[in-house]
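Q: I am new to this structure. Could you show me how to read its features?
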Amino acid sequence: MSLSIFDSKSASVRVFEPLEAGKVGIYVCGPTVQSAPHVGHLRSAVAFDIIANWLRIGHGYDVKLVRNVTDIDDKILVNAKEQGKDWRELAVEVEAIFNSVYESIGASVEHRPHATEHIDGMISLIERLIELGHAYQAAGSANVFFDTASWSGYGELTRQKLENMEGEAIGGGRRAAHDFALWKAAKADEPASASWQTPWGAGRPGWHIECSAMSCEMLGQSFDIHGGGADLQFPHHENEIAQSEGANGQKMASVWMHNGFINVDNEKMSKSLGNFFTIRDVLKEFDAETVRFFVVRSHYRS
């Protein structure tokens, strides 16, 4: 009996065939450890735990599930400064809370690469992109950007044309509004520990390059399934495809799977909207199995 999966990239149900017989590699975008998790953070973790088990138990595959940890980020630095903590201390504390929650609801994973552990891989990836003409260093700065105009397939995941996409304000040496940061120059008001030396100068990675480096290191240049929340399709996953395939010359993921959100009053649960419930508060009222059931009672894409 064949196995079919809805692929976000083609917007269709496709027959699934692993790249290597009997084995499946899955990369899922994990948490940015800036503050304690809310119920919405469980959606992706539980959805892909079930998908991995479905592949293992239902179809007999040897599954390698990778869920990354973003432990260097603008919000981590801001929150740490506000709390009077070292940013690394805050990242470790918050990650411990996430791991405890994942374990309590049966959604732990063995493979949890950290962004700060893969800086060398990011630098190598960026060097390759510059060499191939897909990236450029800003004049007089350590900022490095991906040149979206250099990648003809940009927008293919979300079926958009470059000229119709929303971009950022041009600044920091960015040539076009849609070009995105691969490397960010160190700032005077940020701790020195939050920057690394590179051929372009001191700084820290952009968000998107982290996942390209970690997925490649953990699963190879091409792997079976890339997953995450539906909100990550653009720009995060779109940018991952451009930089990974631009650097490696190979298709990044065979299948793209995206989970829906937990909604409150018809709006996505999020910290920015302030409409969230922390896991700690929820687990005071309900046991972990009940919370897991709440998260999975709807189809993963809904």
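Q: Does Cys 216 count as buried, partly exposed or exposed?
A: This is a predicted model, so read each value as computed. Cys 216 has 27%, so Cys 216 counts as partly exposed.

Q: What about Cys 29, buried or exposed?
A: Residues under 20% count as buried. Cys 29 has 10% relative accessibility, so Cys 29 is buried.

Q: How many disulfides does the structure hold?
A: The two sulfur atoms must lie within 2.5 Å. The structure holds zero disulfides. Take Cys 29: its closest cysteine sulfur belongs to Cys 211, 3.8 Å away, which is too far for a bond. Cys 216 is in no disulfide either. For Cys 216, the nearest cysteine sulfur is again that of Cys 211, at 13 Å.

Q: How do I read the sheet, and what is its strand order?
A: Follow which strand pairs with which. The order here is 4-3-9-10, in an open sheet of four strands with parallel pairing. Strand 4 (62-67) and strand 10 (253-259) are the edges, each pairing on one side only. From one strand to the next, the twist averages 20 degrees.

Q: Which helix packs on the sheet?
A: Helix 5 (residues 207-219) does, and touches strand 3, strand 4 and strand 9. The direction of helix 5 makes about 160 degrees with that of strand 3.

Q: How many bridges join strand 9 to strand 3, and how many join strand 9 to strand 10?
A: Count the bridges for each pair. Three join strand 3 (residues 23-28) to strand 9 (residues 223-229), and the two run parallel. Tyr 27 has His 226 of strand 9 as its bridge partner. Val 28 stands opposite Gly 227 in strand 9. Six bridges join strand 9 to strand 10, also parallel. There, Phe 223 stands opposite Ala 253 in strand 10.

Q: Where do side chains point in a strand?
A: In a regular strand they alternate between the two faces of the sheet.

Q: How many residues of strand 9 are buried?
A: Seven of the seven are buried, so strand 9 is largely enclosed by the rest of the structure.

Q: At what angle do helix 4 and helix 5 pack?
A: Compare their directions. Helix 4 (residues 119-131) meets helix 5 at about 105 degrees, with the axes 9 Å apart. Angles of 65 to 115 degrees count as roughly perpendicular, and helix 4 and helix 5 are therefore roughly perpendicular to each other. Helix 4 contributes Gly 121, Met 122, Leu 125 and Ile 126 to the contact. Helix 5 contributes Ile 209, Glu 210, Ser 212 and Ala 213. By class, that contact has five nonpolar, two polar and one charged residues.

Notes. Residues are numbered from 1 along each chain as its sequence is written. This is a predicted model: local features need pLDDT of at least 70, side-chain atom pairs count only at pLDDT 80 or more; totals for chains, interfaces and linings use all residues. Side-chain values use heavy atoms; hydrogens and water are left out. Two strands pair if DSSP finds at least two bridges between them. Axes are lines fitted to C-alpha atoms, for helices over the stretch in contact, and angles run from 0 to 180 degrees between N-to-C directions. Contact means heavy atoms within 4.5 Å. Angles under 35 degrees count as roughly parallel, over 145 as roughly antiparallel, 65 to 115 as roughly perpendicular and the rest as oblique. Ala, Val, Leu, Ile, Met, Phe, Trp, Tyr, Cys and Pro count as nonpolar, Asp, Glu, Lys and Arg as charged, and the others, Gly among them, as polar. Buried means under 20% relative accessible area, exposed over 50%, partly exposed in between (1.4 Å probe, protein chains only).
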